[in-house]
Amino acid sequence: MSVLAAHGLSVRFGAVAALDEVDLAVADGEFVAVVGPSGCGKSTLLRALGGMLPPSAAVSGTLSVPTLPGGGPATAWMPQRDGLLPWRRAWSNALLGARIARVPRPDAEARAAELFETFGLGGFERAWPHELSGGMRQRLALLRTCLAGRPVLLLDEPFGALDPITRRRMNEWLAGVGLATTAGTATAASTTTGQRAVVLVTHDVDEALALADRVIVLGARPGRVVLDAAAPSREKVLTALEY
Ligand SMILES: Nc1ncnc2c1ncn2[C@@H]1O[C@H](COP(=O)(O)OP(=O)(O)OP(=O)(O)O)[C@@H](O)[C@H]1O
């Protein structure tokens, strides 16, 4: 069953066509990676799925994005930059998404206490963002996204700002203890399997192959789907990227 779908989705910004007739369906609990050359519309696709396009965008096609029983969006979006508030300590930054999503505070705090350990941030609850390493900041931003209690995570280059070594470490960490584990015990909204669906935008083919169940390749702008495959080979993805 799909939790998120786009059919014939096209997006324009004035004279610029960012997406052209994109079809995409994300199943319950599925981890989908979207790769493509710079400027092909990956972030635009993620924003469209999260209902975060600016009013200037002209959109056609259909989007099916779930809402929570209470009416809010079922998606949590993590932008390219970590977006941590410098004047809030790590703990307070982490709880921000949950507060906006109106997750009851005791539930959010209990979950945060678990996730600080899982995300390797235990002991840093009172640290200021500037006291954290780049990898820790990104983990904190991801933790905040997870705490929002939404069943669909939209992650835009979550590790893009990191150096290659830290980035590889983050990927190993994410593959090992990451979203499937943490999502399985989510306290708020969940999909029917109790697992979160994830859409990850990345430039990095190896990251996509390591983490995702399915890889979608967008061709150069205007972005359209040139490959949509479960566990494709690296060669297949690279060939599609040359398309
Ligand atoms: N708010 C906006 N106003 C005008 N044009 C925009 C806006 N957002 C995106 N675009 C344009 O849409 C196209 C696709 O941009 P988008 O950021 O989605 O690409 P991307 O694949 O995510 O790029 P990158 O990999 O470099 O982050 C680009 O030409 C960009 O300039």
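Modeller: A residue is buried if 20 or more other C-beta atoms, placed from the backbone, lie within 10 Å of its own, exposed if 12 or fewer do, and partly exposed in between. Helices (H or I, at least four residues) and strands (E, at least two) are DSSP runs, numbered from the N terminus. This is a predicted model, in which local features need pLDDT of at least 70, side-chain atom pairs count only at pLDDT 80 or more, and totals for chains, interfaces and linings use all residues. Residues are numbered from 1 along each chain as its sequence is written.

Colleague: Which residues of helix α2 are buried?

Modeller: In α2 (residues 90–100), the buried residues are Ala90, Asn93, Ala94, Leu95, Gly97 and Ala98. Two residues are in contact if their C-beta atoms, placed from the backbone, lie within 7 Å. The buried residues of α2 pack against β5 (75–78), α3 (105–118) and α4. Just after α2, arginine 102 has a positive phi of about 60°.

Colleague: Which strands pair with β7?

Modeller: Two strands pair if DSSP finds at least two bridges between them. Strand β3 (residues 31–35) pairs with β7 in the parallel sense over four bridges, and phenylalanine 31 stands opposite valine 198. Strand β6 (residues 152–156) also runs parallel to β7, joined to it by five bridges; here valine 152 stands opposite alanine 197.

Colleague: What is meant by a nonpolar core?

Modeller: In soluble globular proteins, nonpolar side chains tend to be buried together. A nonpolar core is a set of buried Ala, Val, Leu, Ile, Met, Phe, Trp, Tyr and Cys residues joined through C-beta atoms within 7 Å. The largest one here has 65 residues, and those with the most contacts inside it include Val32, Leu154 and Val199. Helix α4 (residues 134–147) gives the most to this core, with six residues. Beyond four places away in sequence, leucine 154 touches several residues, among them Leu46, Trp77 and Val199.

Colleague: How much of the whole protein chain is buried?

Modeller: Of its 243 residues, 43% count as buried. The protein chain has eight helices and nine strands.
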